[in-house]
Every structure is written in structure tokens, then in C-alpha cells.
Amino acid sequence: MDGGPGPGGGGTARRARPVGREEQSALLAGHLADARRGRAGTVLVLGAAGAGKTLLLRELAATAGDFRTVRLSAAADETGSPHSALELLVRSLPARVAALPAPQRRALAVVTGREAGAPPDALLVGLAVEGLLSGAGPLLCLVDDADRLDPASLRALASAARRLREGRLLLVLAARPGRVEDAFGGSARVLLPPLDHVAAHRLLDALVEVPVEPHLREQLVAESRGDPAALCGFVDLVGPAALASGLGALAPAPPGTDLPAPAAPVRGLLERAGRLAPPARTALLAAAAEPTGDPASLRSALRVVGLRPDDLTAAADGGLVEVGARVLLADPRLRPHLHRGAAPAERRRVHAALALAAQRRDDPDRAAWHRALAAPGPDDGIARDLEERAGAAADRGAVGTAALLLERAAALTGSPADAADRQWRAGRAWQESGDAARARPAIAGAALRLRDAGRAARTGALMARMDYDQRHGRREVDRLVELVAADREPARADVEARLRAVVGTMISGSPSARDRLLTLATDPAREGPAGFAEAALDALLAAAADRPALAVTCAERAVASLPRAGDLSADVDFMWIHLVCVLSWDEAALVRLARRYVDEVRSRGRLAQAGLAYNYAAVIEMHAGRLGEAEELSRRARRVRELTGARENHRVDLLLAAWRGEGSRVADLARACRGLAAENGETRVLATVAYAQALLHNGSGRWSAAARALAPERRDTGFAPFLLPEEVEAAVRAGDLDRARRAHRRLQEWIAGVRTPWARGLDLRCRALLLDPAGGAEDLHREAVAVSAEGESSTQLARARLLLGEHLRRARRHVAARRELGPAHETFTAVGAAAFAARAARELRAAGGVPRGAGEGAVRLTAQQVAVARLAAGGATSKDIAATLVVSPRTVHAHLRAVFATLDVTSRRALGDALAEHGIAGEDVDRA
């Protein structure tokens, strides 16, 4: 299988997007749209190994909708049968095999070994395959590694493909150029050339999720030469911390770990390197150990070890290195393998020479690192130097760099106690950087050697915290609570540890853990200043004790205590910030702090905090009506979970699906979330499920279903602003006014005295819904619109306008209703809130209006709009589309607004189906 050009997303998560392959994705989406219209087709996806063919096929399958997907691959069957691929096809479509004419059915049975007999005619086998594919209903048949298929299966597929012209069928074969092209001569082609410079940089960003030192970034992009597999493979080998540090691929591996077996292209290069003369091998090792690619530094180092430039030329003649304005290895994945495979003495000799070269060019950080790798044994002077540089790295927020430097310093420290101390601090830095695999052994081993009771207690707390960060399960939370409650002097206990325990119990703690935590408050009624952690703890404990007014007051104090500048991420978990902003109904602070926090955790490499921060920031962007930004943050959160090994989290995707009106996807993800709740005791996820289902059903006007979703009333702290207004709307529309009034009274308990637009707007909306239409409801609705316009959320404003428009339409004031429903529909359409957009469109039509894009007659788009729509339907971002079509992002947004209005769609995901539905091609394209 090919390596894909981008991080993968597993399970039911939204598919990973192949970075730099947006144009190819759009082309495949267009072919699938043609198949939906009944025009069967065959497409070849052609590219070198690692170009991203597999990921493109995976993405296409994720968009197949009602098409059945059948996957064939040479790698999936190793029987050696002359028709092994056809065996897979027959096993995948048994009902269709039974419906074939008897001669074709027998031909397939013979060639797949199910019956004995003389080999059938090849034409008959081809006809059987054609019948198998064309009669299977809407079918997407994906053949990966098609160039490795057995020849007989390939011929049969090619014979069938030549006759497939009609039907809802798309056959896609991914292969390297050559053999398959010859067999499928007339088929459409999607070519995957090497990534361009900009796309390679975007891919590196997507893979690492931490800033990469500029010189190393350029070196990697140049060495990868547009090969996604080379770039992805290097990141997997090295890890984000080494890349962020700028120390290259040369960080010592964790004890007891080995590099994975090299990929096939790298294996061939390593074999070639092994045949070089010893001087040339040493020169190549020096090139691998110098991540800057600076020719002058490398030449200087070669002279120190007694080598000549000709020795490096020998490696260049063997195709292993390229020497020009910079020194480039043939593949970046060579670096760690060459370095780890060299003899220790040879490695030390090379690093000593590179240290001298770095010192001469006034690069003390790199000189210190090379000296550390050159040291044959303990060297306290080098260890102290590394420790100082680790402190400077930590001060500037480069926690991964600090971890690497402290780890190496510990290895070079002569005193066992000092070595253990440095090792313990290295483990702390690894934990903060999100690398639990390196943090655990470092912290645990150091704690055993230190024999320090205080450090042992902190070690237990750190281990519990890492477990909690990975899973957020009930067992991990109860362990946190146990450690916090065991402190004999709660007044001196770590406030942040208590705060983490309180938040954990809100997510998944047992009832007994919640009861124990209510005794941990510092002094919620105290006067005078308090830090953020103290105020946040007071707010959450007050909320847990059902004291809304006190909770709001303490939350306001916590928000006010947050610094206006400086490193917000150093000691503060973003979930704490999210909760206190929600409790204080301060959406302006919520949006501002979310963006700042996300920027800081990424720029400082704090992956342990980044995943959760990205998830909560995505929820905030959704609340503000920016669904595209929310989806990108969700993708980044998935990548962080891959890098840190944290458990899958479907909640953001669930909420995105609810806003987009994707009912079946909401159902699937809700089941997955309930499974997590059952497995880990993570009860708070059930509140997310309830909110998502209520949002989906209220958007679609299924009021009773929305009310049922909220039936087991969940009052989890932080969800009142989301659940209670949905319950009021659902209950009013379903005719259960008593329930609606109870929900509104509960909401008012939480917003008493709060003057933010968010709180006031929701209160006014609910009061208007509950008021008799003749009793002044219109005034309240209009006030709700005015107040919501002062807030941060375009969707909340659109919902207020929708309710006002519905009220006016029911009062038969159609002109006034259209003035509210039209803008509401346009907002929902623009942000992709499909269900609410459809509801607004229905109301607008009932009021005598026509939603934009819903006029009569054939739709007409310009050629440029069609190009933009195709790319957007394939998953390209506006920035990607702008780069592909050589226009500005503003032009792309203008075209998309026109396309959405013309086709009457509300999300990019709906574009493919809409283009197919309207048959936009030829005469449907206005080229004026």
C-alpha cells in the first residue's frame, strides 16, 4: 500500500484530506458525480509509490454516499492464484454472481477455483466481470496497487471496462505508471505529480502540529523532493520534538527502542551506501549528521576527520547525496538509519568534527549538541551546558527541545543523584510535550533512584495525570481524586491538582468521587484577590453544589484574572478557561482566549494540551458560526491524538454533523460516543449527544424528537447555555409549556444579573417563545435580535431572526416575515447549517418569498464558478482553490457564495450532489 500524503483519521472521524492533492480530489469527485447521473466510467489514478494514491481512494470511498464500495488490492490476497483479484470480487458480490447467466457464472466459478473444468474463453470471463459490476446497483469499485494484480484479473477488468458506458458505476484503479496504463488505454487519468514547494510545507505542518525550525523545514522539504511518503516517513521516524528542536533526526532513541525496518526505497539506498568505501561512508554519515545542509560546515568537518571533498563526491556519484547550494540526501529517511547504523566510535568522531565546525560559525546551541553526542562517557561540563540550554529552551516555550537536552544531560552526568534529577525533569518536559511513551520511564526510573518521598508523591500524581490526559476515563479520574483527597492539609494542597480532579469528575468521575470533591473548596465566599486556578476551582465547586449565582461570580473573577499577555498555556488547561467563560456567559472572552491559547500551545510545542484545546476551540468556532474553522481544528486535534496516543474523541465531529443536518452521521457518531461512555464511564459525553440530537431535530423542525433527546435532563456544568434554550424551543413547539417554563426558570437561575449579549439574547428568545403571541412576543423577539447582533455568533443571531420571522409569518405579516427569514436563510446557508437553512427556506416560501438560488429554470454558473465548486466539493480549502486557480481567496469566497445561492445548498459537502443533480456541464455553463 502507498503511504498517504497527510495524517489519517481513523474510526468514524471525518476523512483525512490529502494535502496538496485537492485538484485530484476534485477530479475524482467529478467522476463520481457523473456515475451518479448514470454515466459509468473507469479512472486510473497514476503516481509513484508514496504519491498518495491510497489516501485518495480512501477519501473517495468516504464520499460515496449511497454507492456500495468494493475494494480490491493485490496486497489483500496472497494466494498466488492466477485470478486472485477476481476471487475477491466474487466474494464481495455473491448475490450478483448468482444472477449472472449460467455460462458466465460457470466461467467465474472455474477461474476462481470453485469448480473444475477447462479454462474458459477470456472474452467470456470479461463479459462475466462486466455483468458482475454493471448489475450491482450504485457501485464504487476501488482497485489499489493495480499494477501488482495478477495478469489474468487485470485483463478481465480491462475487458469489462471497455464496455462499461452506462449505469451508476465507477471503477477506479490506483497504480504506478506503465503496465495498467497499457491495459486500460482509453480510460480517464488522474495524475499525481510530486508535491510543489507550498504543498510540501503544508503537509509538514499537518504532520507535525508544532513549529519546525526554519532551516530544518527547508532542508526536509528540499530532500523530500515532493514525495509525500518520504516526508511522512521521516516525521514518523523522528517525532515532533526532534523536528521542533532543530536538532534533526539525531536525538538518542528511548532506551530499548529500535528504528522500524526501512521502507523499500530507503532499503535500496542503504544497501548502496554499504558498498561505499569507508571514507565515502564516513562522509555520507557526516552529511546525515549535519541537519543544516550547509556545504561549508560539512567541508570543514570533513577536513577535521581527515577526509577530502572527493570522498563525499563518491557518495554523490552513487546517487546517495546531492551537493549544491545545500547538501541534500537522496531521501530524508536515510538520516536516522545512517546515523543509528554507524559504529559508535565513528559517530562520535563525526560529531566532534561537526561541533568544531558549528563553533567556528558561531552556532553555540548546535555546537553543544554535537559535543554531547561526541562524548564517550560522563562529562559534567557538557551536562551543565546542556542543562543551561534546556532552561533557556523551556523559558521560550520549546518544551520538546528542553526534554531532549535534559535527557542527554542526564546521560552525561557523573553524580547518580544529579543524573536522576535531570532525568526526572526531562520526563516532566516529555510529559508536557505530549510524549507519554518517553515521559513514563524517565519519571518512574528517576523517582526510584532519587529515593525522595516528596518526589515519589509527585511522580504518582504525574502518572495519574498522564493516564487522565490519555483516556479521561472513570478509573483515571477516581485515581486523581484519591491523590488529591489524601492530602492531610487541603489548604496547602496543589490548587491546580484539585481543579484538575474537579474537572475530571465532571467528565467521568464516580458519584463517590464527586461527593469527596465537594469538601475541597478553598473558600468560595472569600474576599480579595485570587489567582485563576483558585477562582476557577471556586466557580466549579459552586456549580457542582448547585449555587448558580456564586458560580457565576467566581467565574467572572477567574476570567478577569487571566493575563492579557504572556504564556496563557503554561499552567492553565483550556478546558478550565472554557468552563469559566461559559459559566460567566462571556462569549467575547471565550473566542478571544480560545484563539490565543491555540496559537500558544502550538507555537510552544505543548502537545499534551493541544488536542483538548483544539477540540474546545472547535466547539467555540461552531458556536460562532464558523463551521469550516471548526472542522480544521477537529482535524488538528485528531492528528495530535495520533502523535500522543490519546483516545479517540468523536464529540466535535458529532456537533459538526448536527449543525450540518447530517442525520445518519449524527446517529452513527452518537452510538460511538455512547460506547465511549459505557467503556470509560465518561458520562459527560452523553450531554454532548443530547445537545447534538436536540440541535439536529430543532433545526429540522422535529420538535418532539428534540424534546425526547433532552428527556433525561442533564445539568452538567458548562452545558446550561447549550441545552436549556434547545429544551425551551423544543418543548414550546411540541406543546409542553410546563416543561418549557421549568427549563426557562432553570436558565434564569444561571443568568441572573448577567448582562452579556449571549445570556440576554437567549433569555429574550425563550421569553418570547413562552409569551402568548398577542401579548407582546414580537417586541421580545425584536429585542432578542438586537441583543444577539451585539454578540459573537452569527448563527445565534440567525436563530433569533428565524424565530421572529416564524412569529411574523404565523401572524400573516408576510412582508415583515420575509425581511427576517431571508437574512436568516442566507446566514445558515453561508455557514453550512443545512437543517436550519432548510427550515428557514420553508418558512420563507410559506411567507411568499423565494430563497436565494431557488428560482425556476435551469441553473447557470460561469466556468470559473464550476471549477471552484468542483474543487470545493472535493474537499479543497479556499486557500488551496485560490492557489490552484491563481485567484485571490476573496474571489474564491465570492464564487462560492454565488454557487451556494444558485444551487441552493448550504455546505461544501453538498456541492458534488448538487452539481450532479443539476447536470452542470456544456450548455449549463454560462461562459459570459
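Me: What share of the 928 residues of the protein counts as buried?

Reply: In this predicted model, 56% of the 928 residues count as buried, a label given to residues under 20% relative accessible area. The protein exposes about 36500 Å², and carbon and sulfur atoms supply 52% of that area. The chain is arranged in 48 helices and 7 strands. Among contacts between residues at least 6 apart in sequence, 72% join residues at least 24 apart.

Me: Why is Arg225 called partly exposed, and where is its place?

Reply: Arg225 has a relative accessible area of 35%, and it is therefore partly exposed, since that class covers values between the 20% limit for buried and the 50% limit for exposed. The place of Arg225 is in the loop between helix H10 (214-224) and H11. Its phi is near 55°, a positive value in a residue other than glycine.

Me: Which class does Arg812 fall into, buried or exposed?

Reply: Arg812 has 70% relative accessibility and so counts as exposed, because exposed requires a value over 50%. Arg812 lies in the loop between helix H42 (794-810) and H43, and its phi, near 65°, is positive in a residue other than glycine.

Me: Why is Arg636 counted as buried, and what does Arg636 touch?

Reply: The value for Arg636 is 16% relative accessibility, so this arginine counts as buried, given that the limit is under 20%. Its place is in helix H33 (residues 627-644). Leaving aside residues up to four places away in sequence, Arg636 touches Glu209, Val598, Arg602 and Tyr614.

Me: Why does Arg347 count as partly exposed?

Reply: Arg347, found in helix H18 (residues 344-360), has 21% relative accessibility and so counts as partly exposed, because buried requires a value under 20%. Not counting residues up to four places away in sequence, Arg347 touches Leu285, His339, Arg340 and Ala342. The C-alpha atoms of Arg347 and Leu373 are separated by 8.0 Å, although these residues are 26 residues apart along the chain.

Me: How many aromatic pairs does a search of the whole structure find, and why is the pair of Phe722 and Trp758 called edge-to-face?

Reply: The search finds 6 aromatic pairs. The rings of Phe722 and Trp758 have their centres 5.9 Å apart and their planes at 65°, so this pair is edge-to-face, as centres must lie within 6.5 Å for a pair and planes over 60 degrees apart for that name. Phe722 lies in helix H38 (residues 720-734) and Trp758 in helix H40 (residues 757-770), so the pair ties together parts that are 36 residues apart in sequence. Phe722 is buried, at a relative accessible area of 10%, and Trp758 is buried as well, at 4%. Trp585, Tyr691, Phe722 and Trp758 form one aromatic cluster.

Me: What makes Arg733 a residue that lies over the face of Trp703?

Reply: Arg733 lies over the face of Trp703 at 5.8 Å from the ring centre, and the distance limit for a charge over a ring is 6 Å.

Me: How do you know that Thr829 is buried, and what lies 2.8 Å from a polar atom of its side chain?

Reply: Thr829 has a relative accessible area of 8% and is therefore buried, the limit being under 20%. Thr829 is found in helix H43 (residues 814-831), and the backbone oxygen of His825 lies 2.8 Å from a polar atom of its side chain.

Me: How many disulfides does a search of the whole structure find?

Reply: The search finds 0 disulfides, a disulfide being a pair of cysteine sulfur atoms within 2.5 Å. As for individual cysteines, Cys141 counts as buried at 1% relative accessibility, and Cys673 is buried with a relative accessible area of 0%.

Technical notes. Residues numbered from 1 in each chain as written. Predicted model: local features only at pLDDT ≥ 70, side-chain atom pairs only at ≥ 80, totals over all residues. Heavy atoms only, no water. Buried < 20%, exposed > 50% of the residue type's maximum accessible area, 1.4 Å probe, protein only. Phe/Tyr/Trp six-rings, centres within 6.5 Å; stacked < 30°, edge-to-face > 60°. Helix = DSSP H or I, 4+ residues; strand = E, 2+ residues; numbered from the N terminus. Lys NZ or Arg CZ within 6 Å of the ring centre and 35° of its normal. Polar contact = N/O pair within 3.5 Å; in protein donor to acceptor, adjacent residues only side chain to side chain. Contact = heavy atoms within 4.5 Å. Areas by Shrake-Rupley, 256 points an atom, 1.4 Å probe, with all protein chains shown as cover.
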